[in-house]
Amino acid sequence: VPAPRVLSGIQPTADSFHLGNLLGALRQWVALQDDHDAFYCVVDLHAITAEQPDPAVLRQRTLVSAAQLLALGVDPERSTLFVQSHVPEHAQLAWVLQCLTGFGEASRMTQFKDKSTREGAGAASVGLFTYPVLQAADILLYQAARVPVGEDQRQHLELTRDLATRFNGRYGDTFTLPEAYVPPGAAKVLDLQSPDKKMSKSLPPAGCVNLLDDPKVTAKKIRSAVTDTGREVVADPVGKPGVTNLLAIHSALSGQSTAQLEEHFAGRGYGDLKKELADVVTEAFAPVQQRTAELLADTAELERVLAAGAARARAVAAPTLATVYERVGF
Ligand code: ADP
Ligand code: NA
């Protein structure tokens with residue numbers, strides 16, 4: 001039985017991935033390689049749905065994103081790692097799928113409603129509006145059986161399945177229907193300053209721990225994390241969301257259970273938890289930072305790895321697109 005194919009992408013829209021990306025997605029990318037045929041892409045086409053004023057910055061962030069993925073353990077021998085814009089079939093299939101998408105159907109996507117409201121009336125691009133259709137193309141091009149999704153992406157995956165079903169019904173069986181897959185061990189990380197929200201690069205930087213931050217900066221962010229009233233280090237998501245978040249991060253990185261950590265910190269205070277957590281985080285980040293720096297010191301080699309990944313991706317994507325074009329009547 002061949003390993004199930006999985007596809008996932010991440011936007012190159014920050015100078016570093018953050019702890020939420022790591023514990024909620026990227027660690028699972030690495031683990032999935034063991035029993036999946038994985039396709040992982042840095043989705044730069046998606047990135048320009050929000051304005052990217054400086055081309056050099058976008059290009060650099062794409063490389064830094066790829067370097068971090070490799071440093072975290074994405075293995076280009078076992079997985080297909082590539083940059084979305086290197087595979088033109090994504091945009092080509094997206095166009096065909098856009099023509100199968102109802103305007104009303106796209107208008108119901110809640111992520112667009114949220115993001116466009118934030119941008120202000122009329123300011124959002126049409127690309128942001130059709131973003132979920134490009135996502136559908138990313139998935140369907142590779143006949144992915146599984147797509148790791150967080151709650152916020154479920155609606156987009158439903159659209160992908162609807163579009164695949166519609167295309168298959170109209171033109172004959174062409175696309176695999178992808179399933180949502182919740183990989184084991186994915187953790188939701190909360191913002192250190194606003195532990196009622198998930199950690200995000202879109203929130204002020206003090207609450208967001210970046211993989212490539214200087215260890216001193218990371219330690220300071222953790223020391224300054226909002227904690228709760230009381231002094232006992234115990235997990236209580238309702239009464240102590242801040243402390244519970246710090247314990248969850250510790251647990252995810254150290255492998256100790258919450259119960260073990262509560263025992264470990266019994267009779268000690270929040271300060272001790274933060275001090276130790278800063279060490280745990282910076283020690284976990286150090287080798288990844290070093291490997292990222294090594295990879296970025298030889299961009300020619302990094303670009304060669306990405307070109308090889310794009311060639312492998314195209315070997316799958318091009319036949320899918322050829323079938324689609326033929327069936328549509330091109
Ligand atoms: P951001 O919210 O910083 O813009 P993205 O939306 O680009 O991050 O997320 C990239 C990936 O990381 C997605 O798979 C997303 O589910 C995951 N992710 C982002 N933030 C978190 C978080 N705080 N906790 C867990 N997973 C997260
Ligand atoms: Na986001």
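Which helix contributes the largest share of the shell around ligand 1? That share, four residues, comes from helix α1 (residues 19-32), where helices are DSSP runs of H or I with at least four residues, numbered from the N terminus.

This is a predicted model, in which local features need pLDDT of at least 70 and side-chain atom pairs count only at pLDDT 80 or more, while totals for chains, interfaces and linings use all residues. Residues are numbered from 1 along each chain as its sequence is written, chains are lettered from A and ligands numbered from 1 in the order in which they are written, and side-chain values use heavy atoms, with hydrogens and water left out.

**The ligand site**

Ligand 1 is surrounded by 13 residues, of which H18, N21, V189, M199 and K201 are the closest; a residue is near a molecule if one of its heavy atoms lies within 4 Å of it. By residue class, the shell divides into five nonpolar, five polar and three charged members.

| Side chain | Distance to an oxygen atom of ligand 1 |
|---|---|
| H18 (N or O atom) | 2.7 Å |
| S200 (N or O atom) | 3.2 Å |
| K201 (polar atom) | 2.8 Å |

Taken alone, ligand 1 exposes 540 Å², and the protein buries 78% of that area, as computed by the Shrake-Rupley method with a 1.4 Å probe.

**Nonpolar cores**

The largest nonpolar core has 49 residues, and those with the most contacts inside it are Y40, L69, L192, V209 and I249; such a core is a set of buried Ala, Val, Leu, Ile, Met, Phe, Trp, Tyr and Cys residues joined through side-chain atoms within 4.5 Å, buried meaning under 20% relative accessible area, exposed over 50% and partly exposed in between (1.4 Å probe, protein chains only). Helix α12 (residues 270-296) supplies the largest share of this core, eight residues. Leaving out residues up to four places away in sequence, L69 touches I10, F17, L26, W29, V42, V74 and L81, contact meaning heavy atoms within 4.5 Å. A second, separate core of 40 residues includes V87, L97, L163 and F167.

E105, in helix α5 (residues 103-107), counts as buried because its relative accessible area is 12%. Beyond four places in sequence, E105 touches L100, L159, D162 and R166. R154, in helix α8 (residues 154-171), counts as partly exposed because its relative accessibility is 33%. With neighbours within four places set aside, R154 is in contact with V149, A180 and V182.

Terms used: A polar contact is a pair of N or O atoms within 3.5 Å; within protein, one must be able to donate a hydrogen and the other to accept it, and residues adjacent in sequence count only if both atoms are side-chain atoms. Helices (H or I, at least four residues) and strands (E, at least two) are DSSP runs, numbered from the N terminus. Ala, Val, Leu, Ile, Met, Phe, Trp, Tyr, Cys and Pro count as nonpolar, Asp, Glu, Lys and Arg as charged, and the others, Gly among them, as polar.
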